[in-house]
Amino acid sequence: MWKHRRQQYEALKKSVADHLCDRHGAKHCTLTRVEHIQLSPDISKALNLRLDLPQTYRDLPEALTAPEVIKP
Amino acid sequence: MSTLASPLKGNLRELSQGFNRFWFEPSDPHTLAMVRLCGGAMLLYTHLVWGLELSHFLGPHALVTTDTALRMSTAVDGSNYTWSYLWYVQSPLLIGILHWLGIIPFVALMVGFKTRWFAPICWVYTMSYCHRLIGLQYGLDQVNAMLATYFMVSAAPQVLSVDAWLAKRAGHPIKLRDEWTTVALRLIQCHMCVIYFFGGISKMRGDDWWDGSAFWFAVANLEYQSLDLTWLVEFRWFVAGLSMATFFWEMFYPITVWPMKTRWPTLLMAVMVHGGIALALGMKTFGMAMIFGNMAFVPASTMRAFLAKIGIKTDGTEEAHA
């Protein structure tokens, strides 16, 4: 199932990249998924309700990094 | 045994009569006609908007190409139950011609002209675009598809329509009350209940709704924000109250919307929730589409009185049921 979903995601990504290359006359296009983390009311209030702080944006990796295997 | 059978027979007869009354008792068309006018306008608007950047959405260089859309709509076992005439049309010229020809049925549906013919054509267009434009749609398109489907049952052309005007001019009698009007309205009403019930169920799975912070996370979502309501952070109890009120309203909508005593507060809450979504979260068309769906619960007599108040005289009969 996860392989199927991954293939769908990669097809979608390629389609969007190809569209942007065609639209802007580019040869290559790099897409990055960015997560915008929402802050809780208390933290937002402490930061003067700024919702666009650079620290709240995180680039998501394309490949999952495998966790370290803890050997006995 | 006969002491059990007799009341059971009576109950079944009552159930059957109630079922028939609910679904098939003829009703006035004013409410459905208004839903058709507004829903048809939304379908037309959506179709026009696709047309503003048609080459970005359809064709060989689309944001989501046909092959990608087909792949995204294919299940892991290889099955694909979607259908669209757009799977077979790749030429930008033909896509454009067919797209702009589609304006005709959408206008016809909205103004109530030959809706028996044009409503199914609108449905084919709507579903074709829904299935082809997978990944590029949201709630508005789902409500559009729902309304387009039920308009095929009846689009209430007896009032607020070109057909009614033409029939009057020609001196032809119009059969005002119709059981198909009731069927179409009931389908829209039941579908709205299903939407809200499952919306409420899915909210139950989120901690944000239980702890009252969901409303905050909605207004603090910068990517959706069209009206800055973050100052509400100073009024935590109000924010929590709004979260809870929204959750309980949605959860119990299928129960509270039917009795006349609780229907108007339920519909008022719907207008406030969807109006709020439209104003504060930028989803104007979705908010409006949901309000149009809720309009299906307005009694025909009330709709007729409202139309008379704004200067639109229509024929009407005595309301048999709400």
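**The interface between the chains**

Between chain A and chain B, an area of about 2200 Å² is buried, and carbon and sulfur atoms give 61% of it. Please keep in mind throughout that this is a predicted model. On the side of chain A, the residues that lose the most area to chain B are His19(A), Gln38(A) and Leu51(A), which together account for 26% of what that side buries. In terms of contacts, 23 residues of chain A meet 25 residues of chain B.

How many salt bridges does the rule find across the interface of chain A and chain B? There are 2. One of them pairs Asp42(A) with Arg236(B), with 2.7 Å between the closest N and O atoms. Arg236(B) is partly exposed, at a relative accessible area of 35%.

Glu234(B) and Lys45(A) also form a salt bridge, their closest N and O atoms being 3.2 Å apart. Here the link goes from the loop between helix 12 (214-219) and helix 13 of chain B to helix 2 of chain A. Both partners count as partly exposed: Glu234(B) has 47% relative accessibility, and Lys45(A) has a relative accessible area of 38%.

**Chain A by itself**

Let me turn to chain A. Its secondary structure consists of 2 helices and 2 strands, arranged along the sequence in the pattern α-β-α-β. Chain A has 72 residues, and 19% of them are buried. The chain exposes about 6000 Å², with carbon and sulfur atoms supplying 57% of that area. Of the contacts in chain A between residues at least 6 apart in sequence, 35% join residues at least 24 apart.

**Salt bridges beyond the interface**

Over all chains, the search of the whole structure finds 14 salt bridges. One of these joins the side chains of Asp28(B) and Arg304(B), at 2.9 Å from N to O. Asp28(B) sits in the loop between helix 1 (2-24) and helix 2 of chain B, while Arg304(B) belongs to helix 16 (residues 300-309), so this pair ties together parts that are 276 residues apart in sequence. Asp28(B) is buried, with a relative accessible area of 0%, whereas Arg304(B) is partly exposed at 22%. In chain A, salt bridges with shared partners connect Arg6(A), Glu10(A), Lys13(A), Arg33(A) and Glu62(A) into one network.

**The nonpolar cores**

The largest nonpolar core has 62 residues, and those touching the most other members are Leu58(B), Ile188(B), Met192(B), Tyr253(B) and Met295(B). Helix 2 of chain B, residues 30-52, gives the most to this core, with 9 residues. Another core, of 10 residues, lies apart from it and includes Leu51(A), Trp216(B), Val233(B) and Val239(B). To return to Met295(B): leaving aside neighbours within four places in sequence, this residue is in contact with Thr31(B), Met34(B), Val35(B), Cys38(B) and Met303(B).

**The cysteines**

Finally, how many disulfides does the structure hold over all chains? The count is 0. Cys190(B) is in no disulfide either, the nearest cysteine sulfur being that of Cys193(B) at 6.2 Å. With 25% relative accessibility, Cys190(B) counts as partly exposed.

Technical notes. Residues are numbered from 1 along each chain as its sequence is written. Chains are lettered from A and ligands numbered from 1 in the order in which they are written. This is a predicted model: local features need pLDDT of at least 70, side-chain atom pairs count only at pLDDT 80 or more; totals for chains, interfaces and linings use all residues. Side-chain values use heavy atoms; hydrogens and water are left out. A nonpolar core is a set of buried Ala, Val, Leu, Ile, Met, Phe, Trp, Tyr and Cys residues joined through side-chain atoms within 4.5 Å. Buried means under 20% relative accessible area, exposed over 50%, partly exposed in between (1.4 Å probe, protein chains only). Helices (H or I, at least four residues) and strands (E, at least two) are DSSP runs, numbered from the N terminus. Contact means heavy atoms within 4.5 Å. A disulfide is a pair of cysteine sulfur atoms within 2.5 Å. Accessible areas come from the Shrake-Rupley method with a 1.4 Å probe; for residues, only the protein chains shown count as cover. Buried area is the accessible area (1.4 Å probe) that two parts lose on being put together, summed over both. A salt bridge is a side-chain nitrogen of Lys or Arg within 4 Å of a carboxyl oxygen of Asp or Glu.
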